Amino acid sequence: MTNDTSGDVRLSGIAKTYGSFTAVHPLDLTVPQGSFFALLGASGCGKTTTLRMIAGLEEPSAGTVHLGDQDVTALPPYKRPVNTVFQSYALFPHLDIFENVAFGLRRRGIKSVKKQVGDMLDLVQLGEQARKKPHQLSGGQQQRVAVARALINHPKVLLLDEPLGALDLKLRRQMQLELKRIQTEVGITFVHVTHDQEEAMTMADTVAVMNAGRVEQLGSPTDLYENPRTTFVANFLGTSNFIEAEVDSKSGDDVVLKAGGGKLLLPGARCSAPTTTGGKVLVGVRPEKISLVPAEEAGEIPEGRNRITGRIADSSFIGVSTQYVVDSPVCPDFEVYAQNIDRDTRLVPGAEVVLHWNPAHTFGLDASQDIDAGTEEEAVV
Ligand SMILES: Nc1ncnc2c1ncn2[C@@H]1O[C@H](COP(=O)(O)OP(=O)(O)OP(=O)(O)O)[C@@H](O)[C@H]1O
Ligand SMILES: [Mg+2]
């Protein structure tokens, strides 16, 4: 990384309203030069609107957009050092791949385009396909042409709006790695919009999780996954289990909580809720952090683990793991993912079990939130 900041994207108080509806609430955000940044959120949360304000395709209702030191808020799109790749990449059907990529150069009156277009096609690994027409390429190849066509203008920032949305899952996965490689190679700032949490986590250095026109949390993929600060983020990025618990006392750096007659430990540093005695906290733990044993083996669980009891309600074998749903007095549908190493044939629906996990893997959230925020159940309502 260099000290060059000309590819920084800085949004200050940027907002967009349509009549009385607020699509994007005042937003402050800095995307550092050379980073791969993802805007992640459900349909309608304001991702495209935010991206279009950076591109200059949408006029903000308030706030400013800076690219590097330059205030570009009043500049039209073509005067901004920014290019956009959309989901429908709309290549020119009558032009071959070479000419599609050369388009931006030709429009600027540049005559000798061969070397630049050739380099760009090599970058996206389509050197062999230069004389084909778009309809003779696969979806993923067409997508790479669209990226090459945008990059040939040497933008400081590339904006990508669900660029892989039209591809099937396997191709999407390939293209995610491919785009990441291209970004690393060209080293410019990428701002990538997606509603797919795996896609955001695989590709981006930093992810901003958006919800209803606001950024709920911003961080590295691991930070967001391990330390969500809201139930929305906890549920939107993977699956989380929640237990409503009451603060009992402190024990060193840990908070001791009461839930369903038992005690749970939570590292104080991982709790974003107040921890006054008697207060309520939502205790969260991810399904893959939990071990599951038949109730009769409860005595073998090491000291110091968090534990709850329950009965297996459902189990599904999905190859690399078995996913259990456990009905527990503290949570009716606790999810546990067990890696398939030695499968215990006693762990079947109806079995009484004990769940246990390392307290370090527990996080604590403010209990006034909706436990289902950001889940698919919520999205259906
Ligand atoms: N021109 C417009 N007039 C009125 N409302 C609009 C307009 N454009 C967008 N909206 C509204 O603003 C909100 C945010 O839209 P936006 O396109 O930014 O969502 P998004 O996060 O990109 O969603 P998706 O994942 O479905 O593409 C939506 O509720 C949308 O209906
Ligand atoms: Mg959109």
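Leaving aside neighbours within four places in sequence, Thr230 is in contact with Glu216, Gln217, Leu365 and Gln369. The model described here is a predicted one.

Thr230 sits in the loop that joins helix H7 (221-226) to helix H8 (231-236). Its relative accessible area is 16%, and because buried means under 20%, Thr230 counts as buried. Two polar approaches involve the side chain of this residue: one is a polar contact with the side chain of Glu216, and the other places a polar atom of the Thr230 side chain 3.2 Å from the backbone nitrogen of Val233.

A separate topic is the second largest pocket, which holds about 710 Å³ of space. Its lining is made up of 26 residues, and those closest to the centre are Val82, Asn83, Thr84, Arg107 and Asn153. Strand S6 (82-85), helix H2 (97-107) and helix H4 (139-151) are the elements that each give two or more residues to this lining. Of these, S6 supplies the largest share, with 4 residues. By residue class, the lining of the second largest pocket comprises 15 nonpolar, 6 polar and 5 charged residues.

Conventions. Residues numbered from 1 in each chain as written. Chains lettered and ligands numbered in written order. Predicted model: local features only at pLDDT ≥ 70, side-chain atom pairs only at ≥ 80, totals over all residues. Heavy atoms only, no water. 1 Å grid on protein atoms, 1.4 Å probe; cavity = no way out; pocket = protein on both sides within 12 Å on 5 of 7 lines; lining within 4 Å. Points joined across faces, edges and corners; volume = space filled by probe spheres on them. Nonpolar A, V, L, I, M, F, W, Y, C, P; charged D, E, K, R; others polar. Buried < 20%, exposed > 50% of the residue type's maximum accessible area, 1.4 Å probe, protein only. Polar contact = N/O pair within 3.5 Å; in protein donor to acceptor, adjacent residues only side chain to side chain. Contact = heavy atoms within 4.5 Å.
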